[in-house]
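Subject: The structure, and what turned up in it

Hi,

Here is the structure I promised to pass on.

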Amino acid sequence: MEYLIHLAILFVIYATLGVSLNLVVGYTGLLSVTHAAFYGIGAYTTAIFLTKSGVGFFSSLVSGIVIVVVISFLVGVVLSKFKGDYYALVTFGFNAIIFAVFLNWQNLTNGSLGVPGISRPELFGINFANNFNFLILALIFFVLVYFASRFIVNSSFGRVLKAIREDETAIAVFGYKTLSFKLVVFIISAAMAAVAGSLFASYITFIDPSSFQLTESMFILAIIILGGLGNLRGSILGALFLILLPEILRFVGFSSDIDAQMRQVVYGIILILLMLYRPQGLIGEYKL
Amino acid sequence: MKQSTKWIIGVIVAVAVVAIGYFVLKDSSDISAKTIKIGVIAPMTGDLAFMGEGIRDAILIAKENMGNTKNRYEVIFEDDQLDAKMSASAANKLLSVDKVDAFVTFSSVTGNVVAPIAEQNKAVHFGIASDSNVAKGKYNFIHWTPPSEENKVLIAELQRRGIRKLGIFKGNAPGAIAVIDDLKEQLKDTNIEVVTEQVFNSGEKDFRTIIAKSKDSGSEIYLLLAFSPELEILVKQMRETGITTPITSIENFEMSEQLDLFEGEWYVNSADPTADFINKFNTKTDKSPTLGAANAYDIFNLIVAANEKVEGTSKPTSDQVVTELMKITNFSGALGNLSVNEDGIIVSKAAVRIIKDGKPVTVGN
């Protein structure tokens, strides 16, 4: 049962990341590959606050969000000067910078050795060291993120985002300041990723820079492409699929000397088949 | 979305949940009550897969050679690609589905993720890791030669060779910094002097500036503490700039897949595998033991020895196994005579090696 709860927690954390990234990529049409950076800043803020000061989980989570909002604002301002492939490249560069900071700011992050011994949250006498309790906590945050995202995409603000995605020049002609819209949605999305990062750090109780590399950003992007761009439920389905599939393959009885390699091959084949027959993702409304 | 698509997605999700649920909840009564299950979490795919495979082979060799025992032993391998979330998933799967009694993990990352899970579930955990945090708690142990032991051997070898001026190139990582701090402390009582110390960040590709800075230092040997690919790039650039001074390292040479770059150079490595283990490994795999393979072999044997020592007819509990492990001294292992200290660290001695014909060879053998 603990295993199922563990998978459910991972699924909820990645669904949170998927839903938040979908706001930027799926609804606004901005190809961002830097989500792991904000996820990592949230995780490191929580890890550092919990291990090096007496601050509690919820205060560290809020601090993580504030730090990410400030950084994403600065990054967003720079990103506003770019479009299309160049936008993606700049986000790529930002992820690389943040990874280098995690790796090399030894006094703060402990570099490649990572931060061990991160405690689980405790609130009103409820100890979240129990995985089931932690799942409930993660679900609460996910529901908040999901409904906030749904509110955004169904609002007039969300309709402008979709219009930017379809034709930015056209919507600008109507007097909309598209840069502001793009900046705001980028900051909101990053703040949501920080929440997922805080949950991840506290759940795993150990973090190191390898969890927040570019490959992690690509994994989150794969979640929303597979589930479906421009559809919040698609992000949930994508997370479910990409978190569960490797675990299901653990039970396929290959012999121990080729087991791991064969799982990777099967995993790859399934993803290729899915993209061949559902290029728009499982329930996508938009194609990159 | 079409109705049929919704149905297909629904069926896929339902099948996935039912499949995992079946394996999680299925009764494992077919396994004998006295079977000790050991879960091994290591990178079986990815850049370090060759090390994970070495660990798997070493444990299988140990299992084949364990002889008659009163308990049965079963080993289950899980791949984690050295990814923290996959390590956690593998540990949870091994505990919930396979009901393992003990864990073996490779690397400090995996060890740090699994240690609290093992502690919470009272499962014995051995990490092949240098980070002493991994050994925190009653049920956690590490099997790795401590850096202070390796520094002692390095200094002795420098003195034996009459080297008095040492140059250092180190990656800006806590592990390397700790090793060098300890080395400098130990050098205070010797006539060896650190004449240059150059630091670089992880991910750097151009070392020519720091090489130029150190070129006129008069170093008689350079100590390189770097991981792949920085290590290989650094050595190539040193050679390109005309530096022919010998180079040495602590462990790092054997973490490279380009051993020919270090041909003829000596270095200090964690405890040296016995000839018997090397023979067994060669016979089974046609390869030399990889880093950590001998540690994995010893860990399996230590777990077996501790379980076998527990008296009584029922299956040993983790507490009983831990008690027996803490009593172990002078255990004859693949890395020489082993003892378990009070911090849960398996103490073994470091060795001087040289790269000869592209292979690591122990000096004196």
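Start with two helices of chain A: helix H6 (residues 131–154) and helix H7 (residues 156–173) pack at an angle of about 70°, and their axes are 4 Å apart. The axes are lines fitted to C-alpha atoms, for helices over the stretch in contact, and angles run from 0 to 180 degrees between N-to-C directions. That angle makes H6(A) roughly perpendicular to H7(A) (under 35 degrees counts as roughly parallel, over 145 as roughly antiparallel, 65 to 115 as roughly perpendicular, the rest as oblique).

Before going on, a word on the basis: this is a predicted model, where local features need pLDDT of at least 70 and side-chain atom pairs count only at pLDDT 80 or more, while totals for chains, interfaces and linings use all residues. Residues are numbered from 1 along each chain as its sequence is written, chains are lettered from A and ligands numbered from 1 in the order in which they are written, and side-chain values use heavy atoms, leaving out hydrogens and water.

Which residues meet where H6(A) and H7(A) touch? From H6(A) come A:Ile152, A:Val153 and A:Asn154, and they meet A:Ser156, A:Phe157, A:Gly158, A:Arg159, A:Leu161 and A:Lys162 in H7(A); contact means heavy atoms within 4.5 Å. By class, this contact has four nonpolar, three polar and two charged residues (Ala, Val, Leu, Ile, Met, Phe, Trp, Tyr, Cys and Pro count as nonpolar, Asp, Glu, Lys and Arg as charged, the others, Gly among them, as polar). Leaving aside neighbours within four places in sequence, A:Arg159 is in contact with A:Val153 and A:Asn154. A:Arg159 also sits 125 residues from A:Thr34 in sequence and 24 Å from it in space, C-alpha to C-alpha.

On a 1 Å grid over the protein atoms alone, a cavity is a set of points where a 1.4 Å probe fits but cannot get out, and a pocket is an open set with protein on both sides within 12 Å along at least five of seven lines; lining residues have an atom within 4 Å of a point. Grid points are joined across faces, edges and corners, and a volume is the space filled by probe spheres set on the points.

There are two cavities of 30 Å³ or more. The largest holds about 60 Å³, and its lining includes A:Leu30, A:Tyr87 and A:Phe186. H8(A) gives the largest share of that lining, four residues. The second largest cavity has about 30 Å³; A:His35 and A:Phe186 are among its lining residues, and H8(A) again gives the largest share, here three residues. That lining has five nonpolar, three polar and no charged residues.

Over in chain B, the domain assignment gives domain 1 (34–144 + 273–348) and domain 2 (147–270); such bounds come from an automatic or database domain assignment. Their centres, taken over C-alpha atoms, are 31 Å apart, and five residues of domain 1 are in contact with seven of domain 2. The second largest pocket, about 700 Å³, lies between these domains because both give residues to its lining. Of its 35 lining residues, B:Glu254, B:Ser288, B:Pro289, B:Thr290 and B:Pro360 lie nearest its centre.

Cheers
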